[in-house]
Amino acid sequence: MSATMSAMASVAPVAQTRFGSAKSQKVVARRAVVARAVAEAEARPEKPKRKFVKKNVTVQDADIAVGNKYEGKVKRVQEYGCFVDFGAKNDGLVHISELKDGFVENVTDVVSADQDVTVWVKSIDAEKGRISLTMKAPPTADELEAIKAKEAEREAKFAARKAQQAEAKAKAEKVKAIKRGTAFEGEVKSVQPFGAFVEIMEGVEGLVHVTEMSDDYNVDVADFCKVGDVVSVKVLDVDGAKVKLTMKDKVDISSVVEEVLQEVEAGASMMEFAFKSKGIAAGQFPSGNDEEKPAAKKAEKAEAPKTEAPKAEAPKAEAPKAEGAAISAKAVKELRDQSGAGMMD
């Protein structure tokens, strides 16, 4: 037993050396890979390091102001514009709309990389560190004066238009208060072949057409009025802001008819009262239609079909008879005089 153990102990180191353990084999393989990578890295030529050219700042941020002119170089070209190095810490952007006057479809049609350009500072955003540039030359003193004059003229036109609108609104308010038939004393402001314009209120003018000056034909406006004359006119119609006038003395038929009807109704009521006070009723006076009624009734009976039995007519109420004999014309005249109805004749 002891001999066997001693034999195995003598053989074990030789076997371990020849075959080795699994763990030791992994370690050896890793070391070989690392050694190979190190050898390849040492054999590979070194990659040159990227060198950044230090920018030469010739313009300080404190010196940059809107309107300053600088000479620069285009560094980058984009679809929306180009970046120009004009000596500041940050490059400025020239938008595509600021490359030149007029429409620009492509930036490359105007500028290219490394092109020397002249730029002006348009705006500065200190918080974001952005500088907007333009390649459009600013206007000269004369051009600036012309621009200012044009702007002042536009402002004056705008103010005049606002004043005209306010005046038209005030005129419309005045015209609304004018009623048809109102008489005015106005001054003739303008004379035209078709009529005359008369100022009836401050700021309100109306037209007197030539046909409203006379009933004659082919009349001349100058024969009736001239500029500066004060004439009497009446309002014919009001249509929005337009006022139609007339110089004729026209009679309002509707008002005349209404007055006559009122007078007739008043006279009739007075006569009726006078007759009733004497006990006289309207049925005592024959009317012109009484003679026509029998003939009309006979015609109706002849035309009507005889399908139904004739109905008995209701007895007619007889008119109350006045005391005494028939009324004479003299009595009627006295009643008319007492009631005052005779004044209507």
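Start by selecting residues 92-95 and 130-134: these are strands S3 and S5, which run parallel and are joined by two bridges. Strands here are DSSP runs of type E with at least two residues, helices are H or I runs of at least four, and both are numbered from the N terminus. Two strands pair if DSSP finds at least two bridges between them. Before you click on, note that this is a predicted model, where local features need pLDDT of at least 70, side-chain atom pairs count only at pLDDT 80 or more, and totals for chains, interfaces and linings use all residues. Residues are numbered from 1 along each chain as its sequence is written, and side-chain values use heavy atoms, with hydrogens and water left out.

Now pick Val 94, whose bridge partner in S5 is Leu 133. Zoom out to the whole sheet: five strands close into a barrel, ordered S1-S2-S3-S5-S4, with mixed pairing. Neighbouring strands of this sheet are turned by 50° against each other on average, direction ignored. For such angles, axes are lines fitted to C-alpha atoms (for helices over the stretch in contact), and values run from 0 to 180 degrees between N-to-C directions.

Next, go to Thr 134, also in strand S5. Is Thr 134 buried or exposed? Thr 134 counts as buried because its relative accessibility is 8%; the cut-offs are under 20% for buried, over 50% for exposed and partly exposed in between, using a 1.4 Å probe and protein chains only. Show side chains and you'll find a polar contact of 2.7 Å between those of Thr 134 and Glu 98. That term covers a pair of N or O atoms within 3.5 Å; within protein, one must be able to donate a hydrogen and the other to accept it, and residues adjacent in sequence count only if both atoms are side-chain atoms. Beyond four places in sequence, Thr 134 also has contacts (heavy atoms within 4.5 Å) that include Val 94, Thr 118 and Trp 120.

Jump to the other barrel, a closed one of five strands running S6-S7-S8-S10-S9, again with mixed pairing. Select 204-209 and 242-246 for S8 and S10, parallel strands joined by two bridges. Within them, Val 208 stands opposite Leu 245.

Last stop: Lys 234, in strand S9. Lys 234 counts as partly exposed because its relative accessibility is 34%. Draw a C-alpha to C-alpha distance to Lys 179 and you get 9.8 Å, across 55 residues in sequence.
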